[in-house]
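Reader: Hi! Could you walk me through this fold while I have it open on my screen?
Author: Happy to. Let's bring it up.

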Amino acid sequence: EVEAAKLKGKARNVKTTSLIDPKGNIIIFTNMAKFCREQNLNYNTIFLLFNGKIKSYKGWTKNYNFNI
């Protein structure tokens with residue numbers, strides 16, 4: 001039962017998305033929390049960026065032209 005709960009937690013909404021870095025490169029990723037840790041970015045602030053509450057954060061901007 002515990003193992004089933006662990007697997008269920010890993011099967012959450014997985015969404016591939018992207019940001020534009022401060023140098024203008026398009027960065028594509030799937031795990032936003034991991035991406036934020038690796039790039040030394042605040043998860044909550046990136047979440048605000050994706051939801052349109054802010055325009056940019058540390059030079060990172062939302063990629064409005066991203067489609068998969």
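This is a predicted model: local features need pLDDT of at least 70, side-chain atom pairs count only at pLDDT 80 or more; totals for chains, interfaces and linings use all residues.

Reader: Great. What does α3 lie across, and at what angle to β1 does it run?
Author: α3 lies across β1, β2, β3 and β4, and it runs at about 95° to β1. Axes here are lines fitted to C-alpha atoms, for helices over the stretch in contact, and angles run from 0 to 180 degrees between N-to-C directions. Contact means heavy atoms within 4.5 Å.

Reader: Okay, how many helices and strands does the protein chain have?
Author: There are three helices and four strands, following the pattern α-β-β-α-α-β-β along the sequence. Helices (H or I, at least four residues) and strands (E, at least two) are DSSP runs, numbered from the N terminus.

Reader: And in what order do the strands sit in the sheet?
Author: The order is β2-β1-β4-β3, in an open sheet with antiparallel pairing. β2 and β3 (56-57) are the edge strands, each pairing on one side only. Two strands count as paired if DSSP finds at least two bridges between them.

Reader: How many bridges join β1 to β2?
Author: Four, with the two strands running antiparallel. β1 and β4 also pair in the antiparallel sense, over two bridges.

Reader: Which residues partner I20, then?
Author: In β2 the bridge partner of I20 is I26, and in β4 I20 stands opposite T61. L19 has K62 of β4 as its bridge partner.

Reader: What about the hairpin of β1 and β2, which residue there takes a positive phi?
Author: That's G24, with phi near 95°; the hairpin has five residues between the strands.

Reader: Switching to T17: buried or exposed?
Author: T17, which is in strand β1, is buried, because its relative accessible area is 16% and buried means under 20% (exposed is over 50%, partly exposed in between; 1.4 Å probe, protein chains only).

Reader: Which residues is T17 in contact with?
Author: Leaving aside neighbours within four places in sequence, T17 touches I27, I28, F29, F50 and F66.

Reader: Now α2. Which of its residues are buried?
Author: In α2 (residues 32-39), those are M32, F35 and C36. Seen down the axis of α2, these buried residues fall within an arc of 100°, so they line one face of the helix. The arc is that of the directions from the helix axis to the C-beta atoms.

Reader: What goes on at the start of α2, and just after it?
Author: At the start, a side-chain oxygen of N31 reaches to within 3.2 Å of the backbone nitrogen of A33. Just after α2, N40 takes a positive phi of about 60°.

Reader: Last one: what percentage of the protein chain's residues count as buried?
Author: Of its 68 residues, 25%.

Notes
Residues are numbered from 1 along each chain as its sequence is written. Side-chain values use heavy atoms; hydrogens and water are left out. A polar contact is a pair of N or O atoms within 3.5 Å; within protein, one must be able to donate a hydrogen and the other to accept it, and residues adjacent in sequence count only if both atoms are side-chain atoms.
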